[in-house]
Structures are given as C-alpha cells and as structure tokens.
Amino acid sequence: MLDALFGKILQASKPAEEAKQISYSKLKSAREEVKESLARHILVENEATASRLISIIKTGDTFGSLASDFSIDTSTKNISGQIDWAASEHFVKDFSEAMISMNKNQLNEEPIRSSFEYHVIKLINVRGASLPSYDELSDQIRKDLITQTRNKLISTLRASAKIETSEQQKNRTKQPST
C-alpha cells in the first residue's frame, strides 16, 4: 500500500527540467573547485633509497626508467610511475598533502612517508575536475531529485504521525466518554 502511495506521489512530483538544470549547475560549480592532478611516483621501502632517487632525478636521469627499476608499486611500475588524473581525495593523506603543495612539473625535495612506505613524486599537471555533460547526468539528477522529494515526504509524514502502542489504544478505548 505504501509503495502505491509513494508511486503516485513521486509520479506527481517528477522534477521539472528547470529543477534538473539548477541541480546540474550546482554540481558543476562544486566540481570546478575540485582540482585533479596528473603525477608520477616511485614507491620504495626506505627513506634512504627515496632520497637517493630524488638526487639522481635532479641530475637528469629519467623518472620513468627509475620507476621501472626501483618502484615497489606494481600498478604503476611498468608505466613509468604514471598515476592518471585524480582528485587529491583519492590518495592517502600524506601523498595528497604533498601533491597539493607542489607546483606543475615539480619534484618533491624530500621523500614523502605514507602508510605504503616512501614516495618520490613528480607533479606533472593540475586541472579543474571534469564533470560529465548534462545529458549524461540528466537521468541520475532526476533520480536524485525524486529521492530528495521522497525523503522530504517521509520526514513530513513521520513528524506528523501519531503512533500509539496497542496498550495505549486499549487504554484510550476503555476510558469513559464525557
């Protein structure tokens, strides 16, 4: 019965195109504040090795060949240490903080310690995070707006509901009328 009620209410509350456009604009504004980084890294087991690699890279050796030879990160070792575009929240805290503090084409000066061991990082580039087009997100935005409408309805119904236990109902019916 509740499903039928919600179905009717949600059918009647289909989000207008304008509401979907406004929601997309808010998503877009929020996403523009997020930065994505493109970087390379070499993960090693100790600080001394990381320091030595930083010195070698500064003298002109190629980052990619050193990543292939020394990195213990099997997911990036064979691709020159390349980490694809990602927002900082996708990385462990120490790694993320180091990348945020770096400039484009900068190599970290000191090894970065994280829960994975020690990193040598080269920040290649930074950009504003991308957002799929309105057409690509339109259906998801519609579903999100319907969910918001449903949740507001549930909150309203809960706030106005009077719930009695069976004991309270018995006591109420036993009371003499005046």
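Visitor: What share of the chain's contacts between residues at least 6 apart in sequence joins residues at least 24 apart?

Guide: The share is 69%, where contact means heavy atoms within 4.5 Å. This is a predicted model, in which local features need pLDDT of at least 70 and side-chain atom pairs count only at pLDDT 80 or more, while totals for chains, interfaces and linings use all residues. Residues are numbered from 1 along each chain as its sequence is written, and side-chain values use heavy atoms, without hydrogens and water.

Visitor: How many helices and strands are in the chain?

Guide: The chain has 7 helices and 5 strands. They are DSSP runs numbered from the N terminus, with helices being H or I of at least four residues and strands E of at least two.

Visitor: Why is α3 called roughly antiparallel to α4?

Guide: The axes of α3 (residues 47-58) and α4 (residues 63-70) come within 10 Å and cross at roughly 155°. Axes are lines fitted to C-alpha atoms over the stretch in contact, and angles run from 0 to 180 degrees between N-to-C directions. Angles over 145 degrees count as roughly antiparallel, so α3 is roughly antiparallel to α4.

Visitor: Which residues meet where α3 touches α4?

Guide: Arg52, Leu53, Ile56 and Ile57 of α3 meet Phe63, Leu66 and Phe70 of α4. By class, this contact has 6 nonpolar residues, no polar ones and 1 charged. Ala, Val, Leu, Ile, Met, Phe, Trp, Tyr, Cys and Pro are nonpolar, Asp, Glu, Lys and Arg charged, and the others, Gly among them, polar.

Visitor: What makes the buried residues of α5 line one face of the helix?

Guide: In α5 (residues 93-101), Phe95, Ser96, Ala98 and Met99 are buried, that is, under 20% relative accessible area, with exposed over 50% and partly exposed in between (1.4 Å probe, protein chains only). Seen down the axis of α5, these residues fall within an arc of 165°, so they line one face. The arc is that of the directions from the helix axis to the C-beta atoms. The buried residues pack against β1, β2, β4 and β5. Lys93, Ile100 and Ser101 are exposed on the face turned away from the buried side.

Visitor: Why is Ser80 called partly exposed?

Guide: Ser80 has 24% relative accessibility, so the residue counts as partly exposed. Ser80 lies in the loop between α4 and β2, and its phi is near 60°, a positive value in a residue other than glycine. Most residues other than glycine have a negative phi.

Visitor: What is the relative accessible area of Glu117?

Guide: The value is 27%, so Glu117 is partly exposed. Glu117 is in strand β5, and its phi, near 130°, is positive too.

Definitions and conventions:
Parallel < 35°, antiparallel > 145°, perpendicular 65-115°, else oblique.
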